[in-house]
Amino acid sequence: MSEKSSNATVPPQFEEVKVNNSSLTELKLACDDALRRHLSRPDQFKAQHTHTDVRLGLGYASVAIAAATGLYSWKKEFEESKPMVWIGVILYMLLTGAQTLYAYFIERDTVFVGKRKTVNKRIETERLTIGAKTLPSNQKSVSDGPRYVLTASYVHTASNGKSLIRKAKQTTEATFTTWFDEEGRMDEVAFGEWLSGFVEKLVGESS
C-alpha cells in the first residue's frame with residue numbers, strides 16, 4: 001500500500017478535550033465547540049457569525065456610552081452634567097436590555113449557522129441552523145445520564161433564494177456518556193461521526 005493511500009485512512013487528529021463530568025455546562029460547551037469545529041471544516045459549511053456580531057456590537061456600544069458618560073461627568077460640574085448623564089444611563093440600559101432580549105428571543109439556543117454554495121447548472125445555496133440544549137436523565141434509564149439534544153433546520157435554494165429545492169427540520173439526541181469517559185475525556189471522533197450521520201440524514205439527496 002502506498003504512503004498516500006495509507007495517509008488517506010488516518011482519522012483526523014484532535015486536541016484532547018477533558019471536562020468535569022459533573023458539570024452539565026462544561027459538557028454542553030465541549031460538545032458545542034466540537035460541533036462548530038466539525039461543521040466549519042472546508043468540506044462542510046462556512047460559519048455565519050451574525051448572532052455574535054450583533055451581541056458584540058450592542059455590547060461595545062453600551063461600553064462606549066458608559067465610558068463617554070463617565071468621562072463627561074468627570075470633566076463637567078455635577079449639576080451641568082446631570083442631563084447628559086441621564087441620557088447616557090438610559091441609552092446604556094436600552095442597549096444592554098436589547099442585548100439580553102436578542103439573546104433570549106432571537107438567538108435562543110442556536111450554536112451554529114452555516115452556508116455553502118454549489119454550482120449544479122445553477123448557483124445553489126444551502127443554509128444549516130443548529131440549536132443545542134441539555135435534558136435531564138430519562139426517567140426510564142436514569143443511569144444513562146443527561147442528554148445532548150440538537151434541533152436543526154436545513155434550507156436548500158437556488159436563484160438567489162427564489163427557488164426552494166428542499167427544506168427539512170429534525171431533532172436528535174444522545175447521552176453525554178456516548179462521548180465522554182469516566183474521567184471526562186471526550187471522544188471527538190465518535191461525536192463527529194454521530195453529528196455527520198445526523199446532518200447527512202437532514203440534508204438528504206438534493207437535486
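User: Which residues does the UniProt annotation "transmembrane region" cover?

Analyst: The unreviewed UniProt entry places that annotation on residues 56-74 and 86-106. The model here is predicted. The annotation comes from the record and may be inferred rather than shown by experiment.

User: What makes residues 56-74 helix or strand in this model?

Analyst: Over residues 56-74 the chain is 100% helix and 0% strand. The end C-alpha atoms are 27 Å apart. Residues 86-106 also come out at 100% helix and 0% strand. There the end C-alpha atoms are 29 Å apart.

User: What is Thr125 in contact with, leaving aside neighbours within four places in sequence?

Analyst: Thr125 is in contact with Lys115, Arg116, Lys117, Val155, His156 and Thr157. Each counts because heavy atoms come within 4.5 Å.

User: How many helices and strands are there, and how do the elements run?

Analyst: The protein has five helices and five strands. From the N terminus on, the order is α-α-β-α-α-β-β-β-β-α. Buried residues make up 31% of the 207 residues.

User: What share of the contacts between residues at least 6 apart in sequence join residues at least 24 apart?

Analyst: The share is 62%.

User: What makes a set of residues a nonpolar core, and which members of the largest one touch the most other members?

Analyst: The members must be buried, of a nonpolar type on the list used, and joined through side-chain atoms within 4.5 Å. The largest such core has 31 residues. Leu35, Leu128, Tyr148, Trp179 and Phe191 touch the most other members. Elements giving two or more residues to this core are α2 (24-39), β2 (110-119), β3 (123-135), β4 (147-158), β5 (163-175) and α5 (188-203). Helix α5 gives the most, with seven residues.

User: What makes the largest pocket a pocket and not a cavity, and how much space lies in it?

Analyst: A cavity is a set of points that the probe cannot get out of, whereas a pocket is an open set. About 320 Å³ of space lies in the largest pocket. Its lining has 16 residues, and the closest to the centre are Gln48, His49, Val111, Phe112 and Val113. Helix α3 (50-75) and strands β2 and β3 each supply at least two lining residues.

User: How does the lining of the largest pocket divide by class?

Analyst: The lining has four nonpolar, eight polar and four charged residues.

User: How much space lies in the second largest pocket, and which residues line it?

Analyst: About 240 Å³ lies there. The lining is Ile106, Glu107, Arg108, Asp109, Thr110, Thr129, Ile130, Gly131, Thr151, Ala152, Ser153 and Lys169. Elements giving two or more of these residues are α4 (78-107), β3 and β4.

How values were computed: Residues numbered from 1 in each chain as written. Predicted model: local features only at pLDDT ≥ 70, side-chain atom pairs only at ≥ 80, totals over all residues. Heavy atoms only, no water. Buried < 20%, exposed > 50% of the residue type's maximum accessible area, 1.4 Å probe, protein only. Helix = DSSP H or I, 4+ residues; strand = E, 2+ residues; numbered from the N terminus. 1 Å grid on protein atoms, 1.4 Å probe; cavity = no way out; pocket = protein on both sides within 12 Å on 5 of 7 lines; lining within 4 Å. Points joined across faces, edges and corners; volume = space filled by probe spheres on them. Nonpolar A, V, L, I, M, F, W, Y, C, P; charged D, E, K, R; others polar.
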